[in-house]
Amino acid sequence: MGREAELAVLQAAFDAAAAGRPTIVLLVGEAGIGKTRLTDEAAALARASGIRVLRGEADAAIRRPMELWRGVYRSLDVVPANDPALPAEERRWEQLESLTAALAAAAPAVVVLDDLHWADAVAVWVLEHLPRALGDAPVAFVATSRDQEPGMPRLDAVRRVSRLVHLEGLDVDAVRRMAAALTTGPVDAVELRARTGGNPLFVRELLIAPDGGGVIGGVIGEVLDRVLRRFDVTTRELLATAALAGPGAPLAVLAAAASTTAATVADRLAPAVLEGVLDGVSRTGVRFHHALLADAAARLVDARSLHGRLAVAWEATGGLDGRASAGEHRLRAAVGPSEVARAVATACDLAAELIAAGHQARAAGLLQDAREAAVECIDRPDLRARVSLDLATILRRLGDLDLALEHYGEAAELARGSADPLLRARAAVGANLWVTAFIPDPGRLRRLEDALAALPDGELRLRAAVLGRLAVVGGADLDAADRARDWAEEAVDAARRTGDPVLVAQALINLTMSPASRDELDARLTTADEVVHLAERAGRSDLALYGHQRRFCHHLNHGDVGAAHHALERAELLAGLLPSPGWRQRTLVQRTTLHALTTGRAAATASMDEAVRAGSGHIEPLVLLGCELLHRIMLLELYGGTEPRAGELYRTVVQMIDKVPSPLLQVQKGFVAQHVGDEARVHDVLHRYAGQPGRVQRSISGDQLLRMLGDMIARAGATDLVAPVYQALLPYAGLLNVGGGQCAGLPVDDVLGRLAALAGDVPAAVRHARDAVALARALPSPPMLVGCLDHLADAVARAGDDDPRHLRAEAAALAVAAGVERPGRDRPPPVPDAASRAAALRRDGPSWVLATPLGSARLPDSTGLGQLARLLRTPGVEVAAVELAGLPGAPPTDLGPALDAQAKRAYRRRLQELQAEIEDAAACNDPVRGERAHVETEALLRELRRAVGLGGRDRPSGSDAERARVNVVRSLRRAIAAVGQQAPTLGAHLEVSVRTGRYCGYRPEPAAALSWTVEV
């Protein structure tokens, strides 16, 4: 009544969802304003249209993670996902993935979520991300929340992705209509509206109260107290007992607390049901019509005394659940610091039992109550620290990382003066679990050192953890860089002595964060191999993925594209199995680098755009924007031309990092500044860092930063800065220098050659430039080869003992084929007629003959060459892969992703079991069993390759288009590779000009286009 406009908003949201745009409507208003009534009306609307309605709610009395969604899970008959092999950072993504799959299967659906203000942060986060995760599934969400409530989660992010509806009080006309429906006597609607503010709950209670004409005075409590005064003393006491016990308390517990029988309780509460104060009374509990009524009922009695009786009643039920419930009430009944301290200690012990029994969410709720109660124990900081630490640990396991970090920090502060070294060390590790690895923080470093100094030698696990945090925090501080490496090595040693493969793998990853020499950089491959082995043994896909990414970096750095591709493919498979899109973003970033070097600018740009989409809203903005910026600069360095978005990104990122004292961020800023024309910042960075390359080398990604410094010096012509940077960079000769696998430009030898030329050492310049060309040819990387050939030609011209024209001619021809712009370089004269661009592909018996200005080739007939001929015959036209595969009339049979969330969990679990089988077989000297498990593992990985695309993205199942795409891409790429064997320049041109995927086409850069004549 009076909510027609709001109902119209809800109907519009349902229509949007039906059209494939999952939508959230967030109803916000004060208690009693009619939010629940409106959601009931919305649910009725949905049901009338044949749409399934699912409901969930948060409850102030049941403070457990994901409680908001428990009713939805139950209605869908889905057990919340809980893969113990996933790291804490993946848990909330697992919840999101699980709900996404279940809701998509149940669609069309409307999900109603009441009382968001009492929900936990993870539950709210899941709601925020569901619309995007659901894609075009017809699902709508209607959530309610009060405007202000003590301790409520931040709802800013949900508000941003919702249609926000602020519910105001009913207007006079709506109050008049409500009065007419509830009473037959005369009512002054204007006065009633003024007294109640139009709050429907208060309007209703005043209208039906015997003395409803009394003065309200604007006091909500008076209205509610008036409602409860209708009942006798016994009924009011039982209402108070039910309110304090919460909706989950069985009637038998209420009866025991009231020293009566369950039947008596039901009888005495029947009037409250009739009057609308209660919605129902059953064996499983009592439910109030509105939370405000429960709050008012709880104020009718001495709450502490009644909590004590409820604790006794729950203890009598026995079992862990009964003891845990009793513990919750003991916390509220305790009086005085000593009694509170005993209740808190008991609660911590009960929480440990609950965790051991698999009831993590229940344990988190109990520990939250214990933490609030422990505030009274001012003289017991160790106890308070223990509660905060235990709570943070379980919240971390449940995926609520922000709140976990807050409680870890609280525990660290409380434990700072503690005499318990284990407590101090645990708190210090927790408070530093998620730190920025490139911003110095001397305070954190000092506290961790103090915790380490007090730790007994025999505490190996905790020692390894503290040392690992010291290695990360210390690695960001150049003054502590040497000590950080010592700490990292000590952490590995301590971890090995524990025999825990996860601990060892984590320590090894920390050890390889900042290699300070060429030897340490080269040793990364051995370390990465061990990390993969340990992670597979422990069933930790995330750590194995780290190892494969490090393998990718090593192989690409050393110019082995084949091995790099294989490592990245394994990383992509694992990324596709993990729920967090962060892993897909990272593998897509590495795929972008590989595309830029070997495939072409368009493919690299598309991959980077996809990485941005995968990370948007999920990755820290600085990391996401900075990564995109570095890759756009990489494309400028390799291909020339312009990257319009680079300037915009640069200005945004500079605002974020300009004052951050980090060599990593500042040198990268200077490198980018040079490409976007900000010379002032270039000179500032060179002035601050070029004179101390040793310090830069010891920082995170120091080898990459040295290459950037060298490139900046060469471009700036800063002769006086050459010598120290050249000497520091020299040991890295022969490497591509891929900064952590994130981006690659011209190789180290190319930079060394330009530095040597600037210093006047022409023979060294020629030698380095030739080595750079050799690396570019070996990859092969056409765009890199163009730049290296140009710089070699410059060095040869300075030397004067050879003619550089053939080098410049090769670079010019290759640039045209690969779409590289060479500003300031000699270019072939433009050819207005098509004759000079004429190219032919013709069938000659069992062979195909290619004759072009970029080279010629004769190749045996193949499916791929036939498909290539089809594309070259119609340049610029996209041809469906199904047509190229000879299936033009095939009906679409796309059945969605090949792997849903449940299938991914099953794959993860089976791969872990097989790895354990392989380990056990090796230990038992049973090669037959080990080989059997190995064969099954490889078979599973082959299946995954068909289900997981580049960057770990999902591929559709049951799709003729997908099967055609796989086969056509494979055959076309084989054909182009065969052309490249006989005519490298022509092969490079086709590699970057033929686009493959579900649609394929010959789409070269206009300046590089050949005019093809095709004869079949």
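## Strand pairing and helix packing in a predicted model

Strand E9 (residues 847–852) and strand E10 run antiparallel and are joined by six bridges, where strands count as paired if DSSP finds at least two bridges between them. In this pair, serine 847 stands opposite proline 860 of E10. The model is a predicted one, in which local features need pLDDT of at least 70 and side-chain atom pairs count only at pLDDT 80 or more, while totals for chains, interfaces and linings use all residues. Residues are numbered from 1 along each chain as its sequence is written, and side-chain values use heavy atoms, with hydrogens and water left out.

E9 and E10 belong to an open sheet of four strands with mixed pairing, in the order E10-E9-E8-E14; strands (E, at least two residues) and helices (H or I, at least four) are DSSP runs numbered from the N terminus. The edge strands, each pairing on one side only, are listed here.

| Edge strand | Residues |
|---|---|
| E10 | 855–860 |
| E14 | 1011–1015 |

From one strand to the next, the twist averages 10°. Helix H43 (residues 863–873) packs on this sheet, touching E8 (838–844), E9, E10 and E14, and its direction makes about 130° with that of E14; contact means heavy atoms within 4.5 Å, and angles run from 0 to 180 degrees between N-to-C directions of axes fitted to C-alpha atoms, for helices over the stretch in contact.

Elsewhere, the axes of helix H19 (residues 381–398) and helix H21 (residues 421–431) come within 10 Å and cross at roughly 40°. The contact is made by Asp382, Ala385, Arg386, Leu389, Asp390 and Thr393 of H19 with Leu423, Arg426 and Ala427 of H21.
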